2 protein chains.
Amino acid sequence: MKDQSTEENILKAAISVFQKKGMAGARMQEIADEAKINKAMLHYYYKSKQKLFEAVFRQAFEKFAPHINQVFNSDKSVFEKITEFTDSYISFVMENPYLPNFLIQEINNNPEFADIFFGSEIAPNPLRFKKQIAEEIEMGILRPIDPKQLLLNLFSLTAFSFVGTGLVRGILNLDEKTFKSMMEERKILIPELLINSIKK
Amino acid sequence: MKDQSTEENILKAAISVFQKKGMAGARMQEIADEAKINKAMLHYYYKSKQKLFEAVFRQAFEKFAPHINQVFNSDKSVFEKITEFTDSYISFVMENPYLPNFLIQEINNNPEFADIFFGSEIAPNPLRFKKQIAEEIEMGILRPIDPKQLLLNLFSLTAFSFVGTGLVRGILNLDEKTFKSMMEERKILIPELLINSIKK
DNA sequence: ACATTTATTAACCATTTGGTTAAACTATTT
DNA sequence: AAATAGTTTAACCAAATGGTTAATAAATGT
């Protein structure tokens with residue numbers, strides 16, 4: 001092989017462009033330019049825009065899923081899970097600011113395609129977590145709550161700031177620096193808020 | 001005039017297509033088809049795709065802003081504002097499911113353009129609300145909290161479920177009916193959660 | 001060293017897409 | 001009714017875009 005890294009350069013460039021512009025807005029030429037290769041190479045390694053997109057989507061999904069799975073499948077207590085997820089997820093997204101938006105957008109635009117992922121093994125499965133909640137309620141640690149609503153609250157509070165960055169920052173008039181320091185604050189604030197609302 | 005409604009048919013069709021597919025994914029032909037007119041009419045009434053998009057964006061922004069302004073500018077108490085916003089916003093979005101996503105997406109893709117709106121008079125201004133929070137803290141009604149974080153929590157909890165519908169429903173395995181009934185529940189749940197976290 | 005496979009490029013192609021034009025049709029004015 | 005202004009359409013156009021091809025260059029096996 002002449003250059004082992006060509007294929008991964010393409011994927012890297014594709015990730016960058018697709019995540020910023022989405023499937024519809026991304027241009028094959030722009031990806032080629034960013035990867036500093038000829039456009040034909042895109043089709044040599046990935047045969048079509050759709051296939052390249054799918055590689056990008058898979059990569060994003062596989063990077064994202066472990067955070068959810070940590071909540072769904074680890075042996076920690078519910079309180080610990082909330083605290084640890086909030087911290088690790090916010091840190092993660094601050095390093096990958098386009099990722100949640102990209103996933104959300106493309107899943108919304110492409111429900112049938114997304115269902116392939118939600119049907120696969122890498123897809124997070126909330127069953128164990130639901131059981132855990134039931135147990136901790138039984139044990140008198142938690143109030144009687146709906147695990148789905150708790151998860152929705154957790155995901156909303158952690159993810160929305162990043163997904164809706166532009167709108168949020170526009171409405172609240174936040175500059176980059178203020179936004180970032182608020183996100184750091186939220187690593188404490190969110191677990192506090194949630195744990196307080198569910199602990200007996 | 002031959003048909004008074006042609007122009008508004010176009011706008012209606014444009015709203016439908018742009019909100020579902022976004023600026024990049026929308027096709028002028030599809031808008032024309034949905035409006036059941038010739039494609040040239042789009043350029044006759046709105047001179048370009050960009051102009052038509054701007055009309056759609058403005059309409060969406062103007063439909064959305066009053067909900068925020070009710071929080072920012074009404075004379076209600078903070079508790080009342082939280083309760084009323086949650087209820088009215090969730091109802092509103094259930095009738096306009098594509099709107100928040102559309103706004104967020106296009107603002108993120110087009111920050112310079114969005115800044116025009118955030119600089120205009122229709123843009124919500126959080127100043128009065130911040131003052132109100134300070135007053136209610138002073139009066140001993142509220143704990144010392146950051147108004148920005150409170151607003152972020154409120155917007156996150158109400159909006160994220162709709163913006164991230166596909167992802168949320170995929171991860172939590174929710175069917176249409178369950179999702180809707182959860183949203184109804186949230187009209188109660190969210191104010192409870194938030195008020196409890198800020199009341200002294 | 002030579003043949004073969006793999007990698008890369010420039011040029012090209014077909015389709016899609018936003019946009020235009022000129023003619024036809026309809027309503028309004030005089 | 002004739003002229004005028006406003007509305008609508010079919011056909012067309014140029015640029016953009018995803019994709020292909022044929023030739024070349026580089027690596028690899030024998």
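Trainee: Which side chain does Lys21(A) meet in a salt bridge?

Mentor: The partner of Lys21(A) is Glu30(A), with 3.2 Å from N to O, where a salt bridge is a side-chain nitrogen of Lys or Arg within 4 Å of a carboxyl oxygen of Asp or Glu. Bear in mind that this is a predicted model, in which local features need pLDDT of at least 70 and side-chain atom pairs count only at pLDDT 80 or more, while totals for chains, interfaces and linings use all residues. Residues are numbered from 1 along each chain as its sequence is written, chains are lettered from A and ligands numbered from 1 in the order in which they are written, and side-chain values use heavy atoms, with hydrogens and water left out.

Trainee: Where do Glu176(A) and Lys180(A) lie?

Mentor: Both are in helix 11 of chain A, residues 176-198, and they are four residues apart, which is about one turn of the helix. Helices (H or I, at least four residues) and strands (E, at least two) are DSSP runs, numbered from the N terminus. Glu176(A) is partly exposed with a relative accessible area of 42%, and Lys180(A) is partly exposed, also with 42%.

Trainee: What about Glu176(B), which side chain does it meet?

Mentor: In chain B, Glu176(B) forms a salt bridge with Arg169(B), at 3.2 Å from N to O. Glu176(B) is partly exposed at 43% relative accessibility, and Arg169(B) is partly exposed at 24%.

Trainee: Changing topic, how many helices and strands does chain A have?

Mentor: Chain A has 11 helices and zero strands. Its C-alpha atoms fill a box of roughly 60 × 40 × 30 Å along the principal axes, and 50% of its 200 residues count as buried.

Trainee: And what area is buried between chain B and chain A?

Mentor: About 4100 Å² is buried there, with carbon and sulfur atoms giving 71% of that area; buried area is the accessible area (1.4 Å probe) that two parts lose on being put together, summed over both. The contact, meaning heavy atoms within 4.5 Å, takes 45 residues from each of chain B and chain A.

Trainee: How many salt bridges are found across that interface?

Mentor: The rule finds zero salt bridges between chain B and chain A. On the side of chain B that touches chain A, six helices each supply at least two residues, namely helix 1, helix 4, helix 6, helix 9, helix 10 and helix 11, and helix 9 gives the largest share, with 12 residues.

Trainee: Last one, what rotation superposes chain B on chain A?

Mentor: A rotation of 180 degrees does so, with 0.0 Å of shift along its axis and an RMSD of 0.0 Å, the superposition being by least squares on the C-alpha atoms of residues with pLDDT of at least 70 in both copies. The two copies are therefore related as by a two-fold rotation axis, and the same surface serves both, since 100% of the contact residues of chain B recur in chain A.

Technical notes. Buried < 20%, exposed > 50% of the residue type's maximum accessible area, 1.4 Å probe, protein only.
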